[in-house]
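These are my notebook entries on a structure that I went through by topic. I set down each term with its cut-offs where I first use it.

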Amino acid sequence: MKVLLSWLQEFTPVEGSPQGIADDLSDLGLAVAAAPAGIVVARVAGLRPHPDADRIQLVDVDAGDGELRQVCCGAFNMAVGDLVPFATVGTTMPSGLEIGRRRMRGQASEGMLCSAVELEMGPDAEGIMILPAGLELGDDLTAALGVAGDVLFDLEVNPNRPDALSVVGVARDLAARRGLPFELPEPQVETSGAPAGESSSVEILAPDLCGRFSVRVLCNATGARPPPLLARRLLALGMRPLNFVVDLSNYVMLEIGQPSHAFDADLVPGGALGVRRATEGEQVETLDGVVRTLNAGDGVIVDASDRAIGIAGVMGGASVEISAETQVVLLEAAWWNPPDIARTSRRLGLRSEASARFEAGVDPEIAPWALERFAELAAPGGVTLAPELVQAQGHLPPRPTVRVRTGRVNAILGTDLTPPEMRACLEPIGFGVSAAAGEPSPELRSYPGEVWDVTVPSWRPDSSTEIDVIEEVGRLWSYSRIARTVPSSPHSGGLTARQRSRRRAHDVLAGFGLMEAMPLPFLAPGDLGRCGLPADGITVTNPLVAEESVMRTSLRPGLLKAVAYNAARRQPGVALFEIGHVHAPGDGELPAESDHLAVALAGREAPAAAALWERLRRAMAFVPTEVRNEATAGMHPTRSASLIAGGETVGVLGEIDPAVSEAFDIAERVAWLECDLGRLLESHVGDSHYRQPSRFPSSDIDLAFVVDDAIPAAAVEAALREAAGDALVTLHLFDVFRDADRLGPGCRSVAWRLRLQAADRTLTDAEVGEIRAACIEAIATTGATLRD
């Protein structure tokens, strides 16, 4: 969208340097391009074919200085006598190309004839720009077009700003920004002749497609010519003048944003126009001479015989086209449903200035004004306007009223604007502001300040919510005036204490040298039974495969499968862990879900699992637990224990039952640890105790005891820890020995290594001896005896 400064000044008295205006427009999302210099008006004096190139012709150009210049040109839309833009040697084009003397296939070329695209004055690249007759040869192009000293603004209009696709819309924004008055004058045009309703009629058969269809009748159109200023402005904006009616229609569209279309009234039976949906496969020949096949969803304009004479909002039909002999014109302006026009335009590959505006959404209330403005511009050419507006109405979009909180405006923009300052941004661009009707809801009162009902103007279909109105306040106030700050907000997405503890457990086990396994959380029927566990797993009603239809109640099946998989591939002795969810049958409809931790140490015995648990317990600051020797499901009957904390069972450790190992084809022993991590983290976490490492030497003593099988090793360990006191650094069970002949039936030998160290001195032999004696005496109270 391009617009001239002089055109803007017809609606608001904007003054100042072009750069200053450009800065304001840039703040509104616009950019500025100046008309190119060094390009003059020239006449085509002769045309000859190039002797060595079929796609180039030689053009003799008269620039008004009495000398003909030869130019090689690839366009063929010119005729002798046409006036064209001529870039002389030395001119720098808007693209940066410098024009010089060149030879093309052996022929000299002194300059370049220009298209609208090359001049950055429009999108037309099909041929050379043909200028209107009567211009003075040799004149600078900008002077000849009447825009010398003017500024051409190139507006980068976003899809959500249909109002900015018009001079009036840009002028309204610019006036609001600069605090200037803005006026859209009512067209002044007299009417004459019979009322239009006597010679024309309108009917809408698809009200969801067409919200308003307005028609005015114009007479005496034959031979009329547009005012020179109008033609020059169209050329400056890149639109090639075609004929009187089309030029006026384009001018009004650029000015107000409302496209219109003209029909030759003599070619429309009875002047009757209608709007309906097309039938599947219906055809219509459009103005470009192409026969288009339509779909049932497309819209068409029809005559009294229901014959399609145009594609709604996209292109008119050739059968009712305006010609030089047209005397009476039916001029229509309509509001079309934007999605319908967008679908038809894209499907047919027809995109025009008019369809682009209909797709974005034109002002549904401006059509009558646009028709009268057309008649006002046509009046100097002798065209008369018949009385009466012929109009039919369908479903027009309502003008929304948006509830806006001034406190939220400042919260979103990061400003401290007062309500009057906000009003000063909204009211000049047509937004109506009034106090909210009724008592605002508590939600609306969540922000301080006033609550408004803001009425959105008809030309702003893009604004329908509170945030849209806030954007308008920011845009008109100017984002460049808002101080740049880093918004303060609460940090979100952090881990909870439970999540951090869970990750710490993962890191601790990985630090112990274990590898994490991630088996599938679903089991095959029978997997729990093979592990010696109750087969009470919950069955999934719609499993992906039958082998994954049971929800696990323990992590044991998955890890044992992983151990067996590695052993089958000659990788024995793996140490694996998993932290995951298990699902047990619950009291209600949903299963009881809990977080478990499990460790499988292939090739290791029960003491390894007990030692690992103690290291894990200390690292995680779990409270001391009782390791109670007792048989548990799926575990070795004499080498398993339960973990008791706070009087409740929180896990098991020991060795996997040999029968279970055999069921999984595992030939080596497997030490096992599994605990309810979720319950431990929830209720059994104590304080972490740290002690400074001693710099003094340590002393090790080994003690072996004969212990009845009924006495758990944990009881012996507890007695040793209490007897050694603070001097004990580490306690390690390093040997278990059974021999009925030497030790007696039902007994075993257990050997412990104690490391003793003081924080402030080196322990003497006497002190070490005292601690040793205390440990032996304490063990005797458990029923164990020192082994010789």
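**Basis.** I am working with a predicted model, in which local features need pLDDT of at least 70 and side-chain atom pairs count only at pLDDT 80 or more, while totals for chains, interfaces and linings use all residues. I number residues from 1 along each chain as its sequence is written, and the side-chain values use heavy atoms, with hydrogens and water left out.

**Ring pairs.** I looked up rings of Phe, Tyr and Trp (its six-membered ring), which pair if their centres lie within 6.5 Å, with planes under 30 degrees apart counted as stacked, over 60 as edge-to-face and the rest as tilted. By this rule I have 3 aromatic pairs. One of them is the stacked pair of Trp7 and Tyr251, with 4.4 Å centre to centre and 25 degrees between the planes. The pair links distant parts of the chain, 244 residues apart, since Trp7 is in helix H1 (residues 5-8) and Tyr251 in helix H6 (residues 244-256); here helices (H or I, at least four residues) and strands (E, at least two) are DSSP runs, numbered from the N terminus. Both Trp7 and Tyr251 are buried, a word I use for under 20% relative accessible area, with exposed for over 50% and partly exposed in between (1.4 Å probe, protein chains only).

I then noted Phe213 and Trp336, whose ring centres are 6.2 Å apart with planes at 75 degrees, so this pair is edge-to-face. Phe213 belongs to strand S12 (residues 210-219) and Trp336 to strand S20 (residues 329-336), so the pair ties together parts that are 123 residues apart in sequence. Phe213 is buried at 0% relative accessibility, and Trp336 is buried at 2%.

**Charges over rings.** I count a charge as over a ring if NZ of Lys or CZ of Arg is within 6 Å of the ring centre and within 35 degrees of the ring normal. Arg172 lies over the face of Trp459, at 3.9 Å from the ring centre, and Arg423 lies over the face of Trp452, at 5.3 Å from the ring centre.

**Cysteines.** How many disulfides does the whole structure hold? My search gave 0 disulfides, taking a disulfide as a pair of cysteine sulfur atoms within 2.5 Å. For Cys72, the nearest cysteine sulfur is that of Cys73, 9.0 Å away. Cys72 is buried, at 9% relative accessibility.

**Cavities.** I found 2 cavities of 30 Å³ or more in the whole structure. I recorded which residues line the second largest cavity; among them are Ala116, Asp124, Met129, Leu235 and Arg240.

**Loop residues.** Thr279 sits in the loop between strand S14 (272-277) and strand S15 (283-285), and is partly exposed at 45% relative accessible area. Beyond its neighbours within four places in sequence, Thr279 is in contact (heavy atoms within 4.5 Å) with Leu294, Asn295 and Ala296. The C-alpha atoms of Thr279 and Asp298 are 8.3 Å apart, although 19 residues separate the two along the chain.

I also noted Glu388, not a glycine, with a positive phi of about 85 degrees, in the loop between strand S21 (384-385) and strand S22 (390-393). Glu388 is partly exposed, at 42% relative accessibility. Asp665, likewise a residue other than glycine, has a positive phi near 60 degrees, and lies in the loop between helix H17 (658-663) and strand S34 (670-676). Asp665 counts as exposed, at 67% relative accessibility.

Conventions
1 Å grid on protein atoms, 1.4 Å probe; cavity = no way out; pocket = protein on both sides within 12 Å on 5 of 7 lines; lining within 4 Å. Points joined across faces, edges and corners; volume = space filled by probe spheres on them.
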